Amino acid sequence: MTHINPSQDRKSNIIKIKPTMQHNNTKYNILQWNLNGFYKRISDLQIIINKYCPEIICLQETNFTNYKKNTLKGYTNYTKIRTNAIRASGGISTFIKDSYSSEEILINTPLESVTISIQLKQKITICNLYLSNQSPFTEADLKNIIQQLPPPFILLGDFNSHNKLWGCISTNTRGKIIESVIDSENLITLNNGRPTHFGTASEQKIDSIEFDNPKINNLNEVTQNFTNAILEIANLTIGQTIFSGRKPPVPWWNSHCNESIKSKKTAFNKFKRTKSQDDFIEFKKRRAQARRTIKDSKTSSWRAYTSSINSKANPKQIWNKIKAFKCINKYDNIQILKNENHTIYSEPSEIANELGSFFSKASSTETYPLEFQRYKCAQEIVPINLCQNHDNNHINSPLTIQEMETALSSKKSNACGIDNIPTIFLLNLPKNGKLYLLKIFNHIWMENQYPTT
């Protein structure tokens, strides 16, 4: 499907999060924003990225120069700089998440545009276009671009054009040109009818569980009772949330940041209702205060953390904290995978199976030299008698509570298994709970039986 989304004004600072594209139940977010200066809006941009995790970011008026550019962590940058300006102005940039394969498509046009081909479920073309108020254009200019775009494509940007079709109170000449292109090229306007710009000129604890000493006649039943007991008390006292990986923690965020952002939104909503000059000034004042609050919070939080680092600090934890300060999402999943046969996988189950198949082949016996394979097969058929030496009898003895606690405490990850119980829950079980779990493990170890549920 092809979309076009014009903006109303060159000074537009309103952010447009596109309604998510959806291909076979997979959704993608696109962020389009005329930020009128990349560097002065970088804090706001990082907050938005942290909240929505867009796969594609299209920016206009980045004001980059040949000597001063910027990148976003986790994104591939495609930028066009305005070279004929006296000062840093104009310019557009498109950022594509690194987890997706992308390449630039060169378009023959005098207009400011960047066109990217990105591999999602299928290849989609994204054309980022900026038409400044000082840059006249014709219907032929836009049709020339559209004819060069491989379908399906999305054409978006800041067109500085007014038309009631996308929520303006009036229609100007530039808006009529775009409307004509939409009709003649059979395009769809991606807008919900609201204006795209606002300005003065525009309109109980877990150790409370009681466990009985189990008599294991049915391993499945005993295991299920143990699991249910933990999950029941956990749901009552802690609750359960699902972390999607789309909101990485930000160490510098605090209540002051929340209050300042809320105050800014309140002022903006009031200005949208009244359209008065005084309310617009108040909104800009609170927006500046919010930026200052966020900047001060970042500085003070960083100073507090660096002053706490000493020679015994764990380097991995330090780098994880640095990444958190930079809003780098370490939970970013693989979205698209291409194997050696150039087959593309996008479903999580397909990606997991392909990765499993690859690592299985890499670690299989077939990768060893034939001489070693013959030796390995010969040695594996030799029986091992662990009890022939009296000193080795402890190998087959039941597990002890100390061994179980050591094994649990050495597990660094707190990820849940298929029973939805994290390791930290097992470590904090009361003594009778740990003895209950130990009896289950020893039954599995000594009887060679495993629960099937």
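Author: Buried means under 20% relative accessible area, exposed over 50%, and partly exposed in between. The model discussed here is predicted.

Reader: Which residue forms a salt bridge with Lys121, and how far apart are the closest N and O atoms?

Author: The partner of Lys121 is Glu347, with the closest N and O atoms 2.8 Å apart. Lys121 counts as buried at 19% relative accessibility, whereas Glu347 counts as partly exposed at 28%.

Reader: What is the relative accessible area of Asp44, and which side chain meets that of Asp44 in a salt bridge?

Author: Asp44 is buried, its relative accessible area being 11%. The side chain that meets Asp44 is that of Arg291, at 3.2 Å from N to O. Arg291 is partly exposed, with a relative accessible area of 24%.

Reader: Let us turn to helices. Which residues of helix 3 are buried, and why do they line one face of the helix?

Author: The general idea comes from the helical repeat. An α-helix has 3.6 residues a turn, so residues three or four places apart point the same way. In helix 3, the buried residues are Arg174, Gly175, Ile177, Ile178, Val181 and Ile182. Viewed down the axis of helix 3, these buried residues fall within an arc of 160°, and they therefore line one face.

Reader: Which exposed residues does the face of helix 3 turned away from the buried side carry?

Author: That face carries Thr173, Lys176 and Asp183, which are exposed.

Reader: How many residues does helix 3 have, and what span does it reach from its first C-alpha to its last?

Author: Helix 3 covers residues 173–184, twelve residues in number, and reaches 17 Å between its first and last C-alpha. This is close to the 16 Å expected at 1.5 Å a residue.

Reader: Which residue with a positive phi follows helix 3?

Author: Helix 3 is followed by Asn186, whose positive phi is near 55°.

How values were computed. Residues numbered from 1 in each chain as written. Predicted model: local features only at pLDDT ≥ 70, side-chain atom pairs only at ≥ 80, totals over all residues. Heavy atoms only, no water. Helix = DSSP H or I, 4+ residues; strand = E, 2+ residues; numbered from the N terminus. Expected span 1.5 Å × (residues − 1). Buried < 20%, exposed > 50% of the residue type's maximum accessible area, 1.4 Å probe, protein only. Arc of directions from axis to C-beta. Salt bridge = Lys/Arg side-chain N within 4 Å of Asp/Glu carboxyl O.
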